[in-house]
Amino acid sequence: MTYTLVLPFHSDLTSIGETVRRAREEGGLKHGVREVLLAHNGRPLSSEALDAVDELVAPREGDKPEVRFLDTTDKGIGAGYKLGIREAREPFVILSADDLPFGWSDLIAFERAGRPDFAIGSKAHRDSKLVGVTKLRRASSLTFLTLRRLLLGWDTPGDSQGSFILRTSVAKALVPDLVYDHYLCSLELATLHLQRGGRVVEVPIVVDDNPHQSSVSVLRDGWRMTKELVELRQRMKRAR
């Protein structure tokens with residue numbers, strides 16, 4: 001089985017170069033990654049940054065995957081995901097992050113699970129191995145899960161912010177109905193899939209560390225998150 005790896009990024013190029021090198025060296029031969037999509041989202045890159053990204057673009061060479069640069073002025077990880085899904089060519093698409101936070105552990109677990117149509121590399125899975133996750137992060141994740149269950153039902157995934165591995169045809173069918181460009185896009189994907197009778201499988205992952213601090217503020221974004229969850233619930237009810 002072969003995969004498209006989507007790496008959304010905005011302006012921080014700290015990790016993406018090393019991630020691309022890792023994907024080129026390890027992804028193709030060992031894990032079936034055939035293409036890597038650098039999904040830039042937001043304001044245009046500076047000429048210096050654009051030159052740096054252009055150096056990462058590469059054709060497929062033997063077992064090394066092709067690397068392509070994509071761009072949208074819409075800002076947010078969700079905008080990057082949607083862009084990557086639209087351009088994905090392989091049978092399955094991996095929606096990850098620019099630092100590949102779980103390495104290949106999510107993909108290995110996905111393969112062991114039998115390649116379901118929709119899987120999440122989940123920090124909430126009982127077999128996941130987490131290091132560097134603070135008590136505040138754990139508390140905010142639990143609060144977010146409680147809100148999701150109250151508003152969206154008990155079948156909502158335990159972790160909606162992990163990596164996503166989807167059959168590409170399934171992902172492409174969901175994209176036209178996606179509204180959010182920010183972090184809630186992941187939950188929206190899962191919720192739409194469940195609402196249409198699909199199944200979401202959470203698989204264990206390994207987190208070595210957490211180099212990127214989250215830009216989500218519990219206090220600042222809590223009300224906005226609650227409001228958008230209510231809106232998402234209302235959309236799902238109208239679509240029944």
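**The second largest pocket**

Modeller: Leu151, Leu152, Asp155, Thr156, Thr191, Leu194, Gln195, Arg233, Met236, Lys237 and Arg240 line the second largest pocket. Two or more of these lining residues come from each of helix H5 (135-152), helix H7 (185-195) and helix H8 (218-239); helices are DSSP runs of H or I with at least four residues, numbered from the N terminus. On a 1 Å grid over the protein atoms alone, a pocket is an open set of points with protein on both sides within 12 Å along at least five of seven lines, whereas a cavity is a set where a 1.4 Å probe fits but cannot get out; lining residues have an atom within 4 Å of a point. The model is predicted, with local features needing pLDDT of at least 70 and side-chain atom pairs pLDDT 80 or more, while totals for chains, interfaces and linings use all residues. Numbering runs from 1 along each chain as its sequence is written, and side-chain values use heavy atoms, without hydrogens or water.

The volume of the second largest pocket is about 220 Å³, a volume being the space filled by probe spheres set on grid points joined across faces, edges and corners. Its lining has four nonpolar, three polar and four charged residues.

The largest cavity has a volume of about 40 Å³, and its lining consists of six nonpolar, two polar and one charged residues. Among the residues lining the largest cavity are Leu5, Trp104, Asp106 and Ile165. In these classes, Ala, Val, Leu, Ile, Met, Phe, Trp, Tyr, Cys and Pro are nonpolar, Asp, Glu, Lys and Arg are charged, and the others, Gly among them, are polar.
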